Amino acid sequence: MTAAEELSSYPPIDPVNFDLIIVGTGLSESIIAAAASAVGKTILHLDPNSFYGSHFASLSLEDFTSYLNSSPKSITAEKPSTTDSDYTFVNLIQKPLFSDAEFISCDSVEDSTFLRENSRKFNLDLGGPRALFSADKTIDLLLKSGAAQYLEFKGIDASFVYNANEGLMNVPDSRGAIFRDKNLSLKEKNQLMKFFKLVQQHLGGNEDEKISEEDLESSFVSFLEKIGLPPKIKSILLYAIAMGDFDQENGEVCKDLLKTKDGIDRLAQYSSSVGRFPNAPGALLYPIYGEGELPQAFCRRAAVKGCIYVLRMPVIFLLTDKVTGSYKGVRLASGQDLYSHQLILDPSFTIPSTPSSSPNDSSSESFQILSQRDIKGMVARGICITRNSIKPDVSNCSVVYSPRSLYPDQVTSVRALQIGANLAVCPVGTFVLYFSTLCNDADEGKKLLKASMNALLTLPGVQSDSEDKKPIVLWSAFYIQKLTMSKFEAISSTPTPDGNLNYNDLLDATEKLFGQMYPNEEFFPKTTSPEDTTDDDENGIIMENRS
Amino acid sequence: MHGRPRKPLKEEDESVLSAKAEKLRLLQSQFLANHQNRIYSKEALDLSAKLLENNPECYTAWNYRKLAVQHNLSQSDSDSVASLFDQELKLVENALRKNFKSYGAWHHRKWVLSKGHSSIDHEMRLLNGFQKADPRNFHAWNYRRLNILPFDKEKKNLPFERLVSFFFCFDITFRFVTDLMKRSDEDELKYTEEVIGENFSNYSAWHNRSAILSNLLKRKAEGFSHKEKVLQEEYEHVRNAIFTDPDDQSGWFYHLWLIDQTVKNGAPLLVSSWPSRGSTITLNGHGNNRLHGLSLLNSTLSGTTTLPIILYFNQAVEGINSSTVAVKSEILKEDLVWKPLSVNNSSTAQVWVVYLKLGNMELQLSKTYSIEITIGYSAGIVSSNGYHYGDPSQIAFELCVQTAHTEPVEGQYPKLTSWKDSDFQKIDHFEESNFVTSTDHHIPTTSNWCREAIDEEITNYQDLLSDCKIGKLTLARLLTALDSLSPEHDKRKKHTDEILKLYTELMKLDPTHSLYYKDEHSLVLLQQITSSEESLLPHCHYYKDATETNTSYVCLRLQNLSLSRMGSIKNLLWVQMLDLSHNELRSIEGLEAMQLLSCLNLSHNKLGSFTALGPLRSLKSLKVLNISHNELGSHSIDTRRYLCSSPLAHTEVFAWDRFEILCGSYSATKFWEAFLIFESLNLTDLNITGNAVADENFTSFIVKVLPTLKYLNDEEL
C-alpha cells in the first residue's frame, strides 16, 4: 500500500465542523490548542509529520538528519473540479524553515558505527539551544495550564561565559556565585554585588531608591558605563545575564539596543531564577528527553480537554468561499473535507494569494502570507556530539560568547548549551552541544558558529595541537533558519522558533495571537477541578533528582 | 526561613487556630492527668506523642516520655529495648518536622542516644536533611558539633565553650560520642565550606568553621601544621565574602577571629608587673608625704601596712600560687596567697595580686632589702584556652624603709582632697628615663608572617573599602593588630593617629554603634598616651596640698578625653592618684588592677549604677573617691547587671546581718548594690553629689556603711 493509499484509507474524522483547525504541532500551535480547548473550543490539531513538535521537535539522529535534508514538500494533488462544489480549492505549500544544512562527521568507522547504532538514543532539538529560566513565563504557563505534570526538569549545572584568554568563566549570577568566583578581582566582586543590590533596591519599590526614569529609558550599556563598571563586568551583564544579541557597544551593528529597563527586567528574571528550585543550582532548567517534550505536554493538555489529534495527515487544499474568497475549511490528504471558523498554520506553510490556475506557480510575489510576514532575519544553528564535556565534572551547562570574544568583527553573541546523558537526550558517555547566533546570511552565521565550536571543541578535519585537550566532535550539523513573526487573520500563522535561549518572546506572541483570535476568552483560566490543583507554585514543577 | 515577612492572619484562619488551640488544651489536660497518675500505658504514650507532634515545645511531655521510657525499660526484655528507643527517635523526628528549632525535641534526642541503644547511622542523614531545610539552624549545627566532638573530660576549654554555646557541651558525658568519631574534623570543615559557598550569610557555619579549625590547628592535623598557610587561605576565603557583600556581618566576625588567631601568641606571657624589674620601693611610715621626684620606675608608698605585688598577663590565666610563682626574700616569713583580680569571681584572671603584710616583717630603717620573684619555672600556669605559660622569668626589686610606720595620731586627719586645676602643677621631666625598660617586660617574638599577613590585609582593605563602614572598622582593627605586633618602643611603625581618625569617622558614619567605636577609640587613645614617657608626661601633675607646701603627690590626669572605657592599665600600675573626671565612662573595668590607687576622681562621667563601680572593691588602698555628677540611680533598670555581681547571684559573700542593721527602715533593694561596693572600702573622703541616688536617706546610709569616712561631699563630718 502506498503512502497515498494509506492516507485515503484513513477513517473519516467525526465531527466535520470545528471552531479551530491547527496545522503543525510546534510550541505555539500546541499552546493555542491547549488554551483554546481549555475555554471550550472544539479543535482539530493536525500534523503532516509522524512526530509532535514541528520545528520544536526533538528527533533521533537519523530522523534529525533526514528532516533537515528533506526537500520542500508540496503536495501536488490533482485539483478537483470546482464546478460541483461550493468552494474554491487553494493549494497549500510547505516551504521548510531550515536551509543550508551541512553535516560533518568524523572519519572514524568506529564512531560512525556507534552513532548509527545509537541513533534512537539521541533526542536532538531542532530549535536548540533552548532552556528555561526557573522564574520565567514558561514555568508559570506550564503550571497555570497544567502541562507541568507531564514534564520532568533538571537544572543546568553551570553557566559560563567564554573568554579567549581564560576559557570558560562562571557567570557570577548570584551572591553565592560572586563569592565563589575565582576570576573576578575583589574590587570587581564588590562592584558587581553593589550593582545587583542597586537593581534589587530599584525593584524593591521604595521610591527614592529607584533608578531614574531617564536612566531607565537610556541604553543599558550607557547606564552601566555611567555607574563605572569595568568592561569585564559590563560584558557579563550585557551578554551572559541580560542575554543581549548584538554588540551593544557598537551602535552601527546593533540592531537591538537594550534599554536599561529591559536589562534590569532580564537581570531580575535571572536572579530570581537562581535558587528557585532546590535541585537546580543555576538559573536554567532543561526538560528531560529534550525540548520536544514541551509541545507534547501542551498537546496532552489539549487532548484531555477534547482536542482531536491526527498525525501524519497533510492538508492538501484550503477551502475558500467561491464568492467571498474567505476561508471555510481544509481538505485532508485522506480526501475528507473539514470545516472550521478559524485556521492556524505553522510558519512553514504558505498559500498563494489568489487562486492560481497553475499549481506550479510558486513565484514569491504570489504568496500572500509570506509577503506580508515580517521576516526578522535568520538564525544559524549548530549541533555537535562529543564524548567529553567542555568542562570536566560538569555535564549540563550553558555558554555565552559575547560579541568580539571570538574575533574582532563578531557582532552577535553566540549561545551554546551542552546537555549530557543524564537528561536522556544522548547515549551514556556522550554529550550534545547546541549553538545558535543571529545572522544576516548563511555564510556569516556558519562562520561564527564554527569559530565558537573551534574555541572549545576539535571539529572533524581540523588539525588540533597535540597538547590540545578539547573534546573531539563525532558529528556535527549546521543549518540556517528563517525568522518570521506570528500573523493573525482568518488564517493565522504562528511564529518561528526565535534566536533566544528561552521561550519568553514566543510565549508573548502566542498569547497575543490567542487574544486576537478569542478576545473575550481568558488565556488559561485558573482551574478549580481537583485534578489540576497543586498546593504550591513550586511544587507543580517536577525536578529530576538523579545525577 | 529567614527574612520572610509574617502575613497577617485571615479571619477564617483565626477560627481554625482557636479550634486547634481548644483541641490542644483538651489533649494537654488529658496528658497531665496521665502524668500525675503515672500511667505509662500504650494509650497514654500515644496521647503524649500526639501532643508532642502538635506542640513540640511542651517540656513536661518530653520529661514524661523519659519517665515512661525508664518505667517501661524495667519491664521489658532486651529485644524490645531497641524498639522502645527507636519509637522515641521517631517521635522526635516527627516533632522536629513540626518545629525543628524545638529545644525540647533536640534534648530528648540526645537523651535517647545517650542511652546507647540506638544506631547512630541515621543521625548524620537526619542532620543533613534539617540543615538543608534551614542552613542557619544553630540547633542542628550544635548537635552536629556534639556528634563529632571527641569525648575528652580533660578538655580545658570546657567552661569557655559552655558559655559560647551551652548546647555544645550540654552533656559531655555522652558515651556514644566516641562512637560518632567516624566523621572527622576534616570532613566537617569541608562541609562548612560547602554550606558557606551556597550562602555565606551563615553565622553558624562560620562559627563552626572557626571551632573546627582551632581544633585542627591545635592538634596540628595533617595539612594544618602550618598555621600561617591555613590562616592565609582563610583570610582569602572570608575576604571574598566581605568584598562581595560588605553589609553582611557574618564574615566580619570570622575575620575578627582570624585577626585574633594571627596576633595571638598561644602561650600566656607576663606583660607587666608592679613593682617592676629593678625598681626601688620606698616605704614612708607617716601618713604625710614628703616630696617625691617623679619616677615611673621607683615608687614611694606612704602610710601603708601592706605591699601589693601585681602580675599582669596578656591573657587570663589560672594556677598562680606559691609553687608556680616564688617570692624570695630574707624578710619573708609567711606563705603567700595569690589572688586573682577578676570581677566575676572566677579562678582565672589576667591580673594576680599578693599582699605582703609589712607588719609581719622586721624591717629596719634605712636598710634596703631585695626581693626576687620567679615565675613559671614549674608548670601550672595555664591560659583559659589551655596553653601553658612559656616564658620563665624573674623580677627583682628593692624595698627600702625611710621612716618607721606609726599609727596616725588620733584627730589628725588627712586634708580634704580638692581636684581643682589650681591644685595641680605641671611636671617638666621625669627623674629617670627608664620608663620603657620598666614596662617593656617581654616583647613576644612574632614571626614575620603575622605582620606580612596583616600587612597584606591592610593593603587589600585600604584599596577598596575605605569608604564604607566595615572597611573602616576592619582597617582600624588591622592597624591595631599590626601595632600590637610591633615592639612598644618602635614608634615609627605606630598607626595610632590613623586608627583614632578612623574611629572618629565611624562614630559619625554609624551613630547606632557609636558607643562601641568610642570604646575602641578610648582604648587606642589610652594606649597612645601610655606608650611613652613623652606622651605620658603632659598628663602627670603634682598635686599640691594647699596647706602643706612640701607635700606632694603625683597625679595622673586623664580628664576631658571623652574616654568611655579604661585601658592600658598594664602601663599604669604605679599610679596612686588618678583623675578621670569629665569623660564618658560607663564602666571602669580594668581599674581593679591599680592596686596602689588611693585617690580617684570619677566625677562628671556616665557611670549609671553602683554595679559599674564593682572594680573598686578590689582597691584596698583607696581612700579618696569622687563619683559626683554621674548617673547613679538615674536608670531604673541596670542594663549592665548581667556583667556584675549582685547579692542575689549568690556568688558574693554578702554581709546580710550588717546590711540589715544598717538599712534599718530604708528600702533594702535600693541600697544593696551600694552596700556591696562600699562595705569593703575604707574611704575617708567621698563625694557623691550630683547623682540621682544621693538623697538624704542615702547619705545617712552611706555614712553608716563607711565608718572611716571623714569628708562627705566636700564637707567634714
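How many residues apart in helix α17 of chain B are B:Glu505 and B:Lys501? They are four residues apart, so about one helical turn separates them. Their side chains meet in a salt bridge, with 3.6 Å from N to O. This is a predicted model. The count over all chains comes to 34 salt bridges and 30 aromatic pairs. The points below cover charge pairs, surface charge, ring pairs and backbone geometry.

- Helix α17 of chain B spans residues 496–509 and holds both B:Glu505 and B:Lys501.
- B:Glu505 is partly exposed, because its relative accessible area is 25%.
- B:Lys501 has a relative accessible area of 55%, so this residue counts as exposed.

**Salt bridge across the sequence of chain A**

- Side chains of opposite charge can pair when their charged atoms come close.
- A:Asp498 and A:Arg130 form a salt bridge at 3.0 Å, N to O.
- A:Asp498 sits in the loop between β23 (491–493) and α15 (504–517) of chain A, and A:Arg130 in the loop between β7 and β8, so the pair ties together parts that are 368 residues apart in sequence.
- Are A:Asp498 and A:Arg130 buried or exposed? Both are buried.

**Salt bridge between chains**

- A:Lys197 pairs with B:Asp245 in a salt bridge, and the closest N and O atoms are 2.4 Å apart.
- This pair crosses between chains. On one side is A:Lys197, in helix α7 (residues 186–204) of chain A. On the other is B:Asp245, in the loop between α12 (227–244) and α13 (250–263) of chain B.
- B:Asp245 has a relative accessible area of 6%, so this residue is buried.

**Salt-bridge network in chain A**

- Salt bridges link A:Glu225, A:Lys234, A:Asp247, A:Glu249 and A:Arg404 into a network.

**Surface charge in chain B**

- A patch of negative charge lies on the surface, where B:Glu11, B:Glu12, B:Asp13 and B:Glu14 gather.
- B:Glu14 belongs to helix α1 of chain B, residues 11–36.
- The relative accessible area of B:Glu14 is 44%, so B:Glu14 is partly exposed.

**Aromatic pairs**

- There are 30 aromatic pairs over all chains.
- One of them joins A:Phe103 and A:Trp475, with 6.0 Å centre to centre and 40° between the planes. That pair is tilted.
- A:Phe103 is in strand β6 (residues 98–105) and A:Trp475 in strand β22 (residues 473–484), both of chain A. The pair links distant parts of the chain, 372 residues apart.
- A:Phe103 counts as partly exposed, because its relative accessibility is 26%.
- A:Trp475 has a relative accessible area of 6%, so this residue is buried.
- In chain B, the ring centres of B:Phe610 and B:Phe698 are 5.4 Å apart and the planes stand at 25°, so this pair is stacked.
- B:Phe610 lies in the loop between β15 (599–601) and β16 (624–626) of chain B, and B:Phe698 in helix α22 (residues 696–705), so the pair ties together parts that are 88 residues apart in sequence.
- B:Phe610 counts as buried at 5% relative accessibility, and B:Phe698 counts as buried at 0%.

**Ring cluster in chain A**

- Ring pairs join A:Phe51, A:Phe64, A:Tyr67, A:Phe98, A:Phe103, A:Trp475 and A:Tyr479 in a cluster.

**Cis peptide bonds**

- A:Gly128 and A:Pro129 are joined by a cis peptide bond, with omega about -5°. A:Pro129 is in the loop between β7 (124–125) and β8 (132–133) of chain A.
- In chain B, the bond from B:Trp274 to B:Pro275 is cis, and omega is near -5°. B:Pro275 lies in the loop between β1 (270–274) and β2 (280–284) of chain B.

**Positive phi values**

- A:Arg312 is not a glycine, yet has a positive phi of about 50°. This residue lies in the loop between β13 (308–311) and β14 (315–321) of chain A.
- A:Arg312 counts as exposed, because its relative accessibility is 51%.
- A:Ala424 also has a positive phi, near 60°, in a residue other than glycine. Its place is the loop between β20 (414–420) and β21 (431–439) of chain A.
- At 21% relative accessibility, A:Ala424 is partly exposed. The cut-off for buried is under 20%.

Technical notes:
Residues are numbered from 1 along each chain as its sequence is written. Chains are lettered from A and ligands numbered from 1 in the order in which they are written. This is a predicted model: local features need pLDDT of at least 70, side-chain atom pairs count only at pLDDT 80 or more; totals for chains, interfaces and linings use all residues. Side-chain values use heavy atoms; hydrogens and water are left out. Patches are made of residues with over 30% relative accessible area and no salt bridge: like charges are joined within 9 Å, nonpolar side chains (Val, Leu, Ile, Met, Phe, Trp, Tyr) within 5 Å. Accessible areas come from the Shrake-Rupley method with a 1.4 Å probe; for residues, only the protein chains shown count as cover. A salt bridge is a side-chain nitrogen of Lys or Arg within 4 Å of a carboxyl oxygen of Asp or Glu. Lys and Arg count as positive and Asp and Glu as negative; His and the chain ends are not counted. The place of a charge is taken as NZ of Lys, CZ of Arg, CG of Asp or CD of Glu. Helices (H or I, at least four residues) and strands (E, at least two) are DSSP runs, numbered from the N terminus. Buried means under 20% relative accessible area, exposed over 50%, partly exposed in between (1.4 Å probe, protein chains only). Rings of Phe, Tyr and Trp (its six-membered ring) pair if their centres lie within 6.5 Å; planes under 30 degrees apart count as stacked, over 60 as edge-to-face and the rest as tilted.
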